[in-house]
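Dear colleague,

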Amino acid sequence: MRADLRGFAEAYTVQQARYPAGEPRWQPVHTVYVPADRFTAGTVSAWGDQASSLVKTHLAGPGELAEVFGVPGGLAPAVHERVVRKLASEPVEDVRVDFEDGYGVRPDAVEDGHVEQAAEAVAALHAAGALPRRWGLRVKSFADGDPERSVRTLGGFVTGVLARAGELPGGFVVTFPKVLMEAYLGQFAEVLARLESGLGTRLRFEIQVEAPQTLHFLRGDLPESLDGRLAAAHFGVFDYTAAIGLPPHEQRLDHPACDHARHVMQTAFAGTGVELSDGSLAASPASGGKEDVHALWRRHAELVRHSLRHGYYQGWDMHPSHLVSRFAAVYAFHLARYDSYRERVSAWEEQRQAGGGVMDEPATIRTLAAALHRADLTLP
């Protein structure tokens with residue numbers, strides 16, 4: 001008997017387009033946010049220099065790294081060497097020039113001036129070969145009631161970079177914050193479509209999930225409804241926890257309410273190719289003393305590990321000190337199980353039993369292979 005499968009071909013075509021899956025692509029381990037009025041051509045190198053100085057002063061060798069971050073002694077030399085090398089070669093993988101919360105509300109003439117200043121800095125970084133692999137700006141939210149200011153800043157920044165650099169360098173993305181209404185997404189996508197018509201390049205954006213209302217319209221078909229312009233979703237811990245009424249001392253990334261929000265994001269965008277990023281720790285060392293620096297590093301690394309365990313491989317960094325704990329935690333996470341993962345994949349491919357009595361399922365093997373690929377893309 002032949003099954004009646006009318007409509008299958010159409011549904012299967014939609015499935016393939018909506019959920020392309022595939023192996024992991026390179027994704028930055030962090031996004032660094034810098035207020036627009038403080039962003040210059042020297043910002044990226046200054047962050048790297050400050051972080052490297054902290055390492056030299058407070059993390060002199062593998063032994064101290066092992067003690068501060070809880071990294072096994074046998075792994076500490078490899079992690080320490082990678083952190084030092086990374087800070088010297090590529091301290092920032094992704095940067096946003098922030099015209100929203102980190103910048104505030106300024107008179108139009110003042111913000112326009114900072115737009116020009118930021119475009120000049122980006123062009124100078126590009127000319128020097130020092131522009132991070134991902135870069136862009138965060139505009140103001142439409143939820144603030146002034147979309148014209150948001151669009152004006154975006155247009156001035158993009159055209160300013162183009163005029164100075166002769167092109168819009170690769171890796172550009174726009175961060176769209178506080179999306180309280182689904183309609184704002186379509187409106188912003190239309191803004192990008194109009195802006196890109198004279199650029200010869202496709203513009204994409206990432207949304208910030210900063211309110212419980214946003215969770216209600218996250219779903220798998222959202223990227224295609226936005227003509228494929230949705231590149232990523234970033235969690236905003238402080239606005240989100242404030243919106244649901246948590247007390248100030250519970251505004252933290254590892255709160256169960258934040259875990260719930262992140263899991264909704266994962267569920268909505270699984271298999272779509274939309275990248276996910278966690279939020280930030282709004283703290284810097286209380287002083288330049290070793291005890292305070294180590295305390296900050298320990299807390300930040302704890303939060304980074306929490307994100308990694310929950311399948312979030314990117315987060316926000318708000319201070320140069322965060323670069324040290326970010327890279328140390330990320331590299332230790334990937335290196336700790338790399339060899340055992342590789343052995344299990346090899347055993348499966350060779351149809352032999354892996355050590356430890358492990359009986360791997362095909363889905364687990366796919367996850368192991370993806371973890372190895374992600375590690376290869378991440379580790380310097």
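**Burial and overall form**

Of the 380 residues of the protein chain, 50% count as buried, where buried means under 20% relative accessible area, exposed over 50% and partly exposed in between (1.4 Å probe, protein chains only). Please note that this is a predicted model, in which local features need pLDDT of at least 70, side-chain atom pairs count only at pLDDT 80 or more, and totals for chains, interfaces and linings use all residues. Residues are numbered from 1 along each chain as its sequence is written, and side-chain values use heavy atoms, with hydrogens and water left out.

The protein chain has 15 helices and 8 strands; these are DSSP runs numbered from the N terminus, helices being H or I with at least four residues and strands E with at least two. For 380 residues, a compact globule would have a radius of gyration near 21 Å, and the 22 Å of the protein chain agrees with this. That radius is taken over C-alpha atoms, and the globule rule is 2.2 Å times the number of residues to the power 0.38. The C-alpha trace spans about 75 × 65 × 45 Å along its principal axes.

Of the contacts (heavy atoms within 4.5 Å) between residues at least 6 apart in sequence, 78% join residues at least 24 apart.

**Aromatic pairs**

Rings of Phe, Tyr and Trp (its six-membered ring) pair if their centres lie within 6.5 Å; planes under 30 degrees apart count as stacked, over 60 as edge-to-face and the rest as tilted. By this rule there are 15 aromatic pairs. One of them, formed by Phe69 and Trp297, is tilted, with 6.1 Å centre to centre and 35° between the planes. This pair links distant parts of the chain, 228 residues apart: Phe69 is in helix α3 (residues 62-69) and Trp297 in helix α12 (residues 290-309). Both residues, Phe69 and Trp297, are buried.

The pair of Phe176 and Phe205 is edge-to-face, because the ring centres are 6.2 Å apart and the planes stand at 85°. Phe176 lies in strand β4 (residues 172-176) and Phe205 in strand β5 (residues 205-209), so the pair ties together parts that are 29 residues apart in sequence. Phe176 and Phe205 are buried. Ring pairs also link Phe142, Phe176, Tyr184, Phe188 and Phe205 into a cluster.

**His334**

His334, in helix α13 (residues 320-336), is buried, with a relative accessible area of 9%. Leaving aside neighbours within four places in sequence, His334 is in contact with Arg374, Ala375, Thr378 and Leu379.

Yours sincerely
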